[in-house]
Amino acid sequence: TERSRNPLILAGTALLVLAVAAAVVFGVLWQGAASKAKAAPTATARDDALRAAEQGSINLTTLDYHDVQQGLNHWKASTTGDLYAQLTQGDLVDTFTKQAQQAKSVTTGKVLDGVVTQLAGNAAQAIVYMQVTVTTAGGKPTTKLVPLQWNLTDTSTGWKLSGLPSGSTTGN
């Protein structure tokens with residue numbers, strides 16, 4: 001038939017098929033990108049909360065008798081809410097300072113692993129597994145593996161440790 005062999009009709013049909021295929025491919029790609037864009041803020045919040053839990057765990061398990069105040073400042077910078085209040089109220093600061101200086105102790109925390117277990121809005125929970133090494137004057141270092149569980153709160157200055165999950169315990 002003359003009509004089916006017309007090069008313009010064949011070219012038009014081929015272009016139509018290519019256009020439909022391109023529309024399908026780009027539609028699928030657009031949908032995938034849209035779903036990734038929706039997941040990106042949650043993934044970023046989870047990553048930021050985990051980094052804060054890990055750094056906060058390091059800060060709260062590290063204290064050097066040579067400069068106790070610097071360690072305590074790191075504690076304050078890593079915490080908010082009830083945990084901040086517990087670490088800054090009363091005689092706790094004086095007690096830690098005296099104990100660290102009397103024992104001439106250096107305590108160092110190292111993150112082994114961590115995970116965010118819950119994330120909802122500006123609140124999160126995390127578990128961080130730490131290796132904590134304590135060295136006292138003239139003594140050999142003692143190392144413990146310590147799991148720490150934290151509540152975190154997203155503040156105007158970023159995620160911070162805000163307390164312990166109810167019913168949680170920390171390592172010995």
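My notes below go from the overall layout to single residues.

**Ground rules**

I am working with a predicted model, where local features need pLDDT of at least 70, side-chain atom pairs count only at pLDDT 80 or more, and totals for chains, interfaces and linings use all residues. Residues are numbered from 1 along each chain as its sequence is written, and side-chain values use heavy atoms, with hydrogens and water left out.

**Entry 1: layout**

I started with the secondary structure and got 4 helices and 5 strands. Helices here are DSSP runs of H or I with at least four residues, strands are runs of E with at least two, and both are numbered from the N terminus. Reading from the N terminus, I get the order α-β-α-α-α-β-β-β-β.

Next I looked at burial, and 26% of the 172 residues come out as buried. Buried means under 20% relative accessible area, exposed means over 50%, and partly exposed is in between (1.4 Å probe, protein chains only). The accessible surface is about 11,100 Å², with 58% of it belonging to carbon and sulfur atoms; the areas come from the Shrake-Rupley method with a 1.4 Å probe, and for residues only the protein chains shown count as cover.

I also checked contacts, meaning heavy atoms within 4.5 Å. Of those with a separation of 6 or more, 52% are between residues 24 or more positions apart.

**Entry 2: the sheet**

In what order do the strands sit in the sheet? I find an open sheet of 5 strands, ordered β1-β2-β3-β4-β5, with antiparallel pairing. Two strands pair if DSSP finds at least two bridges between them. β1 and β5 stand at the edges with a single partner strand each, so one side of each has no neighbour in the sheet.

I then went through the pairs:

- β1 (residues 63-64) is joined to β2 (residues 106-120) by 2 bridges. L63 has T107 as its partner, and D64 has V106.
- β2 and β3 share 13 bridges. V111 is partnered by M130, and V116 by A126.
- β3 and β4 share 12 bridges, and V134 stands opposite T142 there.

Both hairpins have a glycine with positive phi that I noted down. In the β2 and β3 hairpin, with 2 residues between the strands, G121 has a phi near 65°. The β3 and β4 hairpin has 6 residues between its strands, and G138 in the turn has a phi of about 75°.

As background, nonpolar side chains in soluble globular proteins tend to be buried together.

I clicked on W150 to list its neighbours, skipping residues within four places in sequence. Its contacts include A53, S57 and L60, along with L83, A124, A126, V128 and L161.

**Entry 3: salt bridges**

How many salt bridges does a search of the whole structure find? I get 2, taking a salt bridge as a side-chain nitrogen of Lys or Arg within 4 Å of a carboxyl oxygen of Asp or Glu.

One joins D48 to R51, with the closest N and O atoms 2.4 Å apart. Both residues lie in helix α1 (residues 7-60), 3 residues apart, about one turn of the helix. D48 counts as partly exposed because its relative accessibility is 30%.

The other joins D47 to R46 at 4.0 Å, N to O. D47 is partly exposed at 36% relative accessibility, and R46 is partly exposed at 39%.

**Entry 4: two single residues**

T133 is in strand β3 (residues 123-135). Its side chain makes a polar contact with the side chain of T143 at 3.2 Å. A polar contact is a pair of N or O atoms within 3.5 Å; within protein, one must be able to donate a hydrogen and the other to accept it, and residues adjacent in sequence count only if both atoms are side-chain atoms. Not counting residues up to four places away in sequence, T133 touches V106, T107, T108, P141, T142 and T143.

V93 is in helix α4 (residues 92-103). V93 and V68 are 25 residues apart in sequence, and their C-alpha atoms are 9.3 Å apart in space.
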